[in-house]
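Thanks, everyone. Have a look at the model first.

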Amino acid sequence: MVAIYPVLCLLVAVVSGKFSFFFIVIIGQIFQLQTASGFVELSETEHVQMAEEKAELEEMIAAKQMVDKMKAGIGGSTIAIHTPSGRQFIHRHRWILICPGKISFENGHCSGDSLQSLNSFEPATDQEFCYIKNRPAINGTLCLSPQPVNFYMENNTLICQRTSKFFPVLMVSIEDYIKTCKAITNRVTYVYFSNDKDPTHVELPSRNQRLRCDDQRTVENYKYNFAARHLVAKAAKLAEVCVFTEEDLLTVGGLSQR
């Protein structure tokens, strides 16, 4: 109605014979106000859209950060199950640990005891480096270690340097890595047990809608392994547990997925 109001005014003026310069000025001002109003409304809409997109992006980034924390066992304990090898580890505060007993799917601890001693993972063969998923790369070459590394190029030479003398490093081409690892680990299921007493824990259930613990699909991944399916399904029912599976795009898809 507001949009056609100036047209109606013009029509009334013509019919009544009162078409004057003053009236034309008034009609022009109405048109200007309408145009300005439309412009302001469009800007507000764009502003709202930008705010929504910004909030959505921030939520996605926050979800990715929480996933990274859970994979590393920050603020809790994470069971990492590698397929197809079936090898299991405990991830805790960015450490890859080996349980000398049996890992509990009820609390994520070794033998169900949080005080049970664990052994740090130290790859003894090239194949064991496949279980390391934190893989810095330069020019088609990877630098692998259970602990952080210094990986850089100096005088056209790649330097893969360990930060701890207790942990080995392996520098390997991506092609060789794929050949070695694709039959060992191409998918990892993570079972994260949140410790609400740790201030760094990931809150579960999460209020972030982008953080989805895809329990059902994870359980289906083990449909041919009843024992593993039973354990994962049991853990997924716990309130402060997040179960999710990630495919290793490097070993699954090869170089095209880098």
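Start with Cys130 and Cys181: the torsion about their S-S bond is about -80 degrees, so this disulfide is left-handed. The pair links distant parts of the chain, 51 residues apart. Cys130 sits in the loop between strand S4 (119-120) and strand S5 (137-138), and Cys181 in helix H3 (residues 174-181). The S to S distance is 2.0 Å. A disulfide here is a pair of cysteine sulfur atoms within 2.5 Å. Helices (H or I, at least four residues) and strands (E, at least two) are DSSP runs, numbered from the N terminus.

Some ground rules. This is a predicted model: local features need pLDDT of at least 70, side-chain atom pairs count only at pLDDT 80 or more, and totals for chains, interfaces and linings use all residues. Residues are numbered from 1 along each chain as its sequence is written, and side-chain values use heavy atoms, with hydrogens and water left out.

Buried or exposed, Cys130 and Cys181? Both are buried. Buried means under 20% relative accessible area, exposed over 50%, partly exposed in between (1.4 Å probe, protein chains only).

Next pair. Cys143 and Cys160 are joined with S to S at 1.9 Å. The angle about this S-S bond is 75 degrees, and the link is right-handed. Cys143 and Cys160 are both buried.

Now Cys213 and Cys242. Their sulfur atoms are 2.0 Å apart. The link is left-handed, with -110 degrees about the S-S bond. Cys242, at 0%, counts as buried.

How many disulfides does a search of the whole structure find? Four. Counting bonded cysteines along the chain, the pattern is 1-2, 3-6, 4-5, 7-8.

On to the sheet. Three strands form an open sheet, in the order S5-S6-S9, with antiparallel pairing. Strands pair if DSSP finds at least two bridges between them. S5 and strand S9 (170-173) are the edges, each pairing on one side only. Two bridges join S5 to S6. Ile138 has Thr141 in S6 as its bridge partner. H3 packs on this sheet and touches S6 and S9. Contact means heavy atoms within 4.5 Å. The directions of H3 and S9 make about 95 degrees. Axes are lines fitted to C-alpha atoms, for helices over the stretch in contact, and angles run from 0 to 180 degrees between N-to-C directions.
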